[in-house]
Amino acid sequence: MYCLYNREEIGYTQEDWLRHFEAHDENRLQPDFSKEPDLTEEQALMIFPSIQAFQMGERSDGVHLMKEVRRYVDRSGDRTYLECMKWFIREENWHSVYLKKYLDCYQVPDMEISVLDQCFRELRRFGGLKGEIMVLATAEIIALSYYRALAACVKSPALKQICRQMLVDELPHIIFQGQTLGRLGFGRCEELIAVGLMESVIAATWIPFRKVFLTGGYDLESYAKECLGYLKQMMNIAQAKS
Ligand SMILES: [Fe+2]
Ligand SMILES: [Fe+2]
């Protein structure tokens, strides 16, 4: 597990975040698919359902999220946050593009319906912007362990590049969401909800994708420990801002 407290983003202002997202956008990954190996049927069956599900999660249009962001910005006057969130959604959509390119390379279609994704979308509608960010951050924390495991599942240079880029982008996102939750107010009640939500999502992702996690070096205990560890760090960041 990476330590978030030592990262430079910890001290970022909204203007710094804006520059961060703009700089990332100027330097997007172009995965190299020229050295892709053939996958065994077993490997394909193991990785593709999870990649399809995560690709779907990353391609959210953010319409409901931006509605809540605008409502918050109208109240707070924090227009830089609005700009940051536009860039943030764009960055998430790039994650979807990387995974789509990987699926295309193996002629695997993207997924039309995912129960997990539907659950995330419904959950995010409760609790205004705070609810949106809490659910979003839960998915991002899960993603940190998932992409780390996925990279170890097959000897694919492109997939390793993509998973490495996901970590580069997602680690700062956790700090960004933590700071936002702090500004919105993050107390004991929110902490209990966040832990309950995280435990539910750990179970909901472990059951269908456990082969990916196991092959990537996690068992249920280490997977849960890592996710709850990241959540604890994010909640400390939020509480420091509250
Ligand atoms: Fe993402
Ligand atoms: Fe993210």
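1. In this predicted model, the iron ion (ligand 2) is held by four residues: Glu92, Glu140 and Glu170 each coordinate through OE, and His173 through ND1.

2. The geometry around the iron ion (ligand 2) is classed as irregular because its four donor atoms subtend angles of 93 to 151°. A tetrahedral assignment would require all angles to lie between 85 and 135 degrees.

3. The iron ion (ligand 1) is 3.5 Å from the iron ion (ligand 2), and glutamate 92 coordinates both.

4. Turning to charged pairs, the whole structure contains 14 salt bridges. Among them is the one between the side chains of aspartate 32 and lysine 35, with an N to O distance of 3.6 Å. Aspartate 32 is partly exposed, its relative accessible area being 33%, whereas lysine 35 counts as exposed at 58%.

5. In helix 3 (residues 63–76), glutamate 68 and arginine 71 are three residues apart, which means that about one helical turn separates them. Their side chains form a salt bridge with an N to O distance of 3.7 Å. Glutamate 68 is buried, with a relative accessible area of 9%; arginine 71 is partly exposed, with 46%.

6. Helix 8 (residues 188–215) holds arginine 188 and glutamate 191, and because these are three residues apart, they are separated by about one helical turn. A salt bridge joins their side chains at 3.1 Å, N to O. Here arginine 188 is exposed, with a relative accessible area of 56%, while glutamate 191 counts as buried at 14%.

7. Which residues are linked in a network of salt bridges? The network comprises Asp25, Arg28, Arg90 and Glu91.

Key:
Residues are numbered from 1 along each chain as its sequence is written. Chains are lettered from A and ligands numbered from 1 in the order in which they are written. This is a predicted model: local features need pLDDT of at least 70, side-chain atom pairs count only at pLDDT 80 or more; totals for chains, interfaces and linings use all residues. Side-chain values use heavy atoms; hydrogens and water are left out. Donors are N, O and S atoms within 2.8 Å of the metal (3.2 Å for Na, K and Ca); water is not among the atoms, so sites may look incomplete. Four donors count as tetrahedral if all angles lie between 85 and 135 degrees; four count as square planar and six as octahedral if opposite donors are over 155 degrees apart and all others between 65 and 115; anything else is irregular. A salt bridge is a side-chain nitrogen of Lys or Arg within 4 Å of a carboxyl oxygen of Asp or Glu. Buried means under 20% relative accessible area, exposed over 50%, partly exposed in between (1.4 Å probe, protein chains only). Helices (H or I, at least four residues) and strands (E, at least two) are DSSP runs, numbered from the N terminus.
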